[in-house]
Each structure stands twice: as structure tokens, then as C-alpha cells.
Amino acid sequence: MDELELLKKDWKKQEEVLPKLSYQEIYQMILKKSSSIVRWIFIISIIEFLLWASLDIIFRATGVHDEVEIKNMETFSLIASLLSYGILIYFIVRFYLNYDKIQSTDSTKVLMENIIRTRRTVKHYIWVNISLFSTLMIGTMVYLVFFTDEFQRSAAEEQPPLWLIITTTVFMTIIFAGLIALFYRLVYGILTRRLKRNYKELEKLEV
Amino acid sequence: MNKELEHSFVTNLEQNQNIVHKVCRIYTSDPDSHNDLFQEITIQLWKAYPKFRGDAKFSTWMYRVALNTAITLYRRSKRSLKTTDIDTISFKIKAEDYDDEVEQQLKLMYAAVKQLNDIEKALVFLYLEDKSYKEIADTMGISEVNARVKMNRVKTKLKKILNP
């Protein structure tokens, strides 16, 4: 192509009009902090881990936990806590291993894949948590309705119909999970939109 | 030790800063964004520098980090201008070097390059820098065949932009 060859010739001349930074100016630059997408992903992921990890503490602090103790659900609650902390540790280790792999000296494709994988780990963590939370919520409801004396003993007319309890629980769970999913889709979407577009472009095989 | 590393890095970058400036020229359209991207590339180069062992030339090593930053790592601080106005492109063409027609053609070419997507810009940049298809493929992480095909597609696209 003639035009591109023409451009190539002019390209070398561009060097004459490029800015020239001094030693001192460049030195100042290395003292500044990066504002790269990887740094943002790291910060946001850590916040996500902290938020979910603190749920247990929030429950204890707000008294939800006390109620659990009254209703003889300590074992259930202990298993749930152990499970969620186990999941947390597993995902933090995986996140760290993936994050450590991100190197700007890799090829563009490998770099993109590593970033996407790191971000995906946190996304999986969120989904596992939503699932666990939904299961616990429904499980607790079932336990309270069928196995606690309080509910069984109260007069039949005082009890809300069973279908109402079940529908409300399922409905609330879906709304809750939906809201979290929407929130993550937004945060995740904004952060990685350009990255994903470029990755697709790079992967696309033109034949 | 750290001071030594800093000194050798800054000296190296100072000598090879043209590469980074050229990447900034391709990916940004105003001086502020240019400086912003230059800053981020410098940080990324510095972060990766301890792993630079001198098995490749410093300049060769820079291409990867600079392009990776421009394409993937850099988060535009503000909406970058998507301009195709040939007077606002950041390339300066020395009028005395060319006749009017060629000068105009060059301006249009630079404006057309600005309209390409991030990946296509990287291909054109490496092509203009006289890199082989093997080097282009290695830098981008695609096969050499794919690099050739993509480059041909970019050429066609540029032609289309120039002759709609």
C-alpha cells in the first residue's frame, strides 16, 4: 500500500518533533503511583473480600447471632461460618496466585488473559457466596417452620399460611441475589469493558 | 542498590523515550492525555525493570510494556477525544518536506490511524517501527499468520477510511 509506505517514511521524521523529557522529569515519574486497571481490580477485589468476610462479624454485632443461639442453631451456624471462611481463604489464595502472574512484560494476549482470570476468581467468589447465602436463608426458614417448637406450638390461626412463608423467602432471596448480581455486573462491566473488547479483537481470527 | 537501579533505569528511559512518546502519539489526542499515558508507561516500565536482565535490548523490551500499558493497563482518566479533525491530530508534518498534495495525504493518513481500534493501532505502530511479522506476533501473542492477516485487514480498513 503506497500510503502506508509514505507514512512509514514520515514516521521517522516524527522523532524530531517529539517532546524531550529530562532525567529529572523522568525520575519524578517513577515516584508516582500507578493508576492502572490492575491496581483498581486489586483494590476492588480486596474490598469485596473484606465485605463478605465481615458479614459474619456484622451478624454477631447486630444481634442476629444471638437469636440463632436461642433457637438451638449453634451447630448449624458454626458449620456455616467454617464453610464461608474456608471458601474465603481458598479464593484469596487463588486470587493472589493469579494476581502474581500479571506481568506487563508478557505478550498482550497473555497479559489480558491473566487479568481476566484474576477478575474472574473474584466473580466466582461472589457467586459462591450468593449461592451459600441463599441456601442458608432458605435452610434457616425451613428449620424454623418445621423444627422449632415456637412455630409448631402457636395456634393455627396465628400462623401465616405455609405457602406465603415459602414464597416470601424465595422471593426475598431472589431479589437479594439479583441486586448483588446487578451491582457486580455494573462494577465489573465498567472496569473490564475495554479490556474485553480488545481481547475479543485480538482473538478474532481473520480468515 | 536501589539508587543504582533507579539511575540505570532513568538513564535508559531517557535515551529511549522516543518509543514511549510515539506510543502516546498513536493512542492519545491531546498533550494532557499524552503526559498521562507517558507517566503510566514509565511506572509500568519501572515496576518491571528489576526483571529486565539485559538478554534483550532495552528498547525491544520497552515496546511490549509500552504497548501493553496503552492497550490494557492504562485507564483513561477522562474521556479521550475521538477526533478525526485533521488539524487536531498530534502529529506534526513539516510542510517544507512535501508538496501540498502529499502533505494533505499524510494528514489524512494520520487522522485515519487515529480512527483504528486499540489492537489495530498497535499493529500499525509496530509496522511503522519496521518490526517483522514475527516480532509483531510475539509482542501481541498471536500467530505470525494471524498477524499478517490482521495487518492486511488494517490496510484495507485504512483504504476504506481514506476513500469512503
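I began with the helix pair and noted that H2(A) passes H1(B) in a right-handed crossing (left-handed if the near helix is turned anticlockwise from the far one by less than a right angle, right-handed if clockwise). Helices here are DSSP runs (H or I, at least four residues), numbered from the N terminus.

This is a predicted model, where local features need pLDDT of at least 70, side-chain atom pairs count only at pLDDT 80 or more, and totals for chains, interfaces and linings use all residues. Residues are numbered from 1 along each chain as its sequence is written, and chains are lettered from A and ligands numbered from 1 in the order in which they are written.

I looked up the axes (lines fitted to C-alpha atoms over the stretch in contact, with angles from 0 to 180 degrees between N-to-C directions). Those of H2(A) and H1(B), residues 2–27 of chain B, come within 9 Å and cross at roughly 120°. The two helices are therefore oblique to each other (under 35 degrees is roughly parallel, over 145 roughly antiparallel, 65 to 115 roughly perpendicular, the rest oblique).

I then listed the residues in contact (C-beta atoms, placed from the backbone, within 7 Å). Tyr23(A), Ile26(A), Tyr27(A) and Ile30(A) of H2(A) meet Glu6(B), Val10(B), Leu13(B) and Glu14(B) of H1(B).

For the whole interface, I found 44 residues of chain A in contact with 52 of chain B. H1(A) gives the most to the chain A side, with eleven residues.

Last, I checked confidence: ipTM is 0.84 and pTM 0.82.

Technical notes:
Two residues are in contact if their C-beta atoms, placed from the backbone, lie within 7 Å.
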